[in-house]
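The notes follow the order in which I looked.

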Amino acid sequence: FTEEKFGQAEKTELDAHFENLLARADSTKNWTEKILRQTEVLLQPNPSARVEEFLYEKLDRKVPSRVTNGELLAQYMADAASELGPTTPYGKTLIKVAEAEKQLGAAERDFIHTASISFLTPLRNFLEGDWKTISKERRLLQNRRLDLDACKARLKKAKAAEAKATCEGDTVPDFQETRPRNYILSASASALWNDEVDKAEQELRVAQTEFDRQAEVTRLLLEGISSTHVNHLRCLHEFVKSQTTYYAQCYRHMLDLQKQLGSSQGAIFPGTFVGTTEPASPPLSSTSPTTTAATMPVVPSVASLAPPGEASLCLEEVAPPASGTRKARVLYDYEAADSSELALLADELITVYSLPGMDPDWLIGERGNKKGKVPVTYLELLS
């Protein structure tokens, strides 16, 4: 091994297919480790909590149940409402938001549990099981190869010495010399090297057999990486499904909360529109028709949201209220679904206001002489 590192020994090379199998196995192992670690960070951002969970796993002890951040926030809001007055408008809103945060925390807990079982566990089993077996057989193959190369080097040296002794033995001795015994010694050395060559050839045959057997064992294990990829692909689909379900649940919970707050805000602040002064993310939609449990709702059309009689309302005849209009910055491009809606471009400023009986998810937007309904989630309301 040392002579190979210094370039002083010949190395038995593996075939190209075997080298490709080794490279693919190493790449699979490295990327599996990175994906596993980053998924753990996604599920548990707190590094101290991850270290604690790692120690519990190494000690074969059950990881204690941990309160999620959403559940902790819900508890704080509920306690604040109880102390500040659950019958006040602020207290009632705190209770509603606390219930929504509690539901979000429960959904997060289910997602972490499902992802850990369906995705993290198979990846961890590969690294701690299959890969350790592959590494062990690869080390054994390396030792067999070194033994084979050593036998080849020993045979090469023995043949060189035998050839040298044979050349010296073929020389006709001069028996008039004072030391004719050199010829006898040379003949004896040639016979000894013949025996050494035979012994080296026998050791080489044994080493070659053991190397070929170990190479076949290692090759079979490396070809099993294809099955590992298939298994990880199935686990990845499960992870995406659980993640989609989680975000769909979160969206539904927040949509219900927004509707509750919209109705209560209209009662608390009459004459003002319903909206948020913080940037909102665009509505999400699922493109998979087969995943019914994880389907993300989209912004409904105006016709489906408008109360009876409003769908036929002519917007050109609607005058803005004397008070309650505000400026809003458009967060995302929006394409109008029909003539009653106003198309939006990101970063433009428009005037918005609400009308009595309108759905809280929609406002009336004006830009120049154009007027139409716009979704609240696409706007950042300004002062």
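I started with burial: Phe119 and Phe239 are both buried. The model is a predicted one, and every value I note here is computed from it.

I then went through the ring pairs. A pair of aromatic rings is described by the distance of the centres and the angle of the planes. I noted a count of seven aromatic pairs. For Phe119 and Phe239, the ring centres are 4.8 Å apart and the planes meet at 25°. Planes under 30 degrees apart count as stacked, so this pair is stacked. I looked up where the two residues sit: Phe119 is in helix H5 (residues 89-169) and Phe239 in helix H7 (residues 225-268). They are 120 residues apart, so I logged the pair as a link between distant parts of the chain.

Which residues do ring pairs link into a cluster? I listed Phe111, Phe119, Phe239, Tyr246 and Tyr247.

Next I took Tyr332 and Tyr378, an edge-to-face pair with 5.9 Å from centre to centre and 90° between the planes. This pair also links distant parts of the chain, at 46 residues apart. Tyr332 is in the loop between strand S1 (326-330) and strand S2 (349-353). Tyr378 is in the loop between strand S4 (370-375) and strand S5 (379-381).

Are these two tyrosines buried or exposed? Tyr332 has 26% relative accessibility and therefore counts as partly exposed. Tyr378 has 12%, so Tyr378 counts as buried; the cut-off for buried is under 20%.

I also checked for a charge over a ring. The charged end of Lys34 sits over the ring of Trp31, at 4.5 Å from the ring centre.

I moved on to Arg219, which lies in helix H6 (residues 181-223). Its relative accessibility is 19%, so Arg219 counts as buried; the limit is under 20%. What does the side chain of Arg219 join in a polar contact? I found the side chain of Asp15, at 3.2 Å. With neighbours within four places in sequence left aside, the contacts of Arg219 are Asp15, His17, Phe18 and Leu21.

Last, I looked at the strands. S1 and S2 run antiparallel and are joined by four bridges. Arg329 has Leu349 in S2 as its bridge partner. S1 also pairs with S5 in the antiparallel sense, over three bridges. Opposite Val330 I noted Leu379 in S5.

Key
Residues are numbered from 1 along each chain as its sequence is written. This is a predicted model: local features need pLDDT of at least 70, side-chain atom pairs count only at pLDDT 80 or more; totals for chains, interfaces and linings use all residues. Side-chain values use heavy atoms; hydrogens and water are left out. Rings of Phe, Tyr and Trp (its six-membered ring) pair if their centres lie within 6.5 Å; planes under 30 degrees apart count as stacked, over 60 as edge-to-face and the rest as tilted. Buried means under 20% relative accessible area, exposed over 50%, partly exposed in between (1.4 Å probe, protein chains only). A charge sits over a ring if NZ of Lys or CZ of Arg is within 6 Å of the ring centre and within 35 degrees of the ring normal. A polar contact is a pair of N or O atoms within 3.5 Å; within protein, one must be able to donate a hydrogen and the other to accept it, and residues adjacent in sequence count only if both atoms are side-chain atoms. Contact means heavy atoms within 4.5 Å. Two strands pair if DSSP finds at least two bridges between them.
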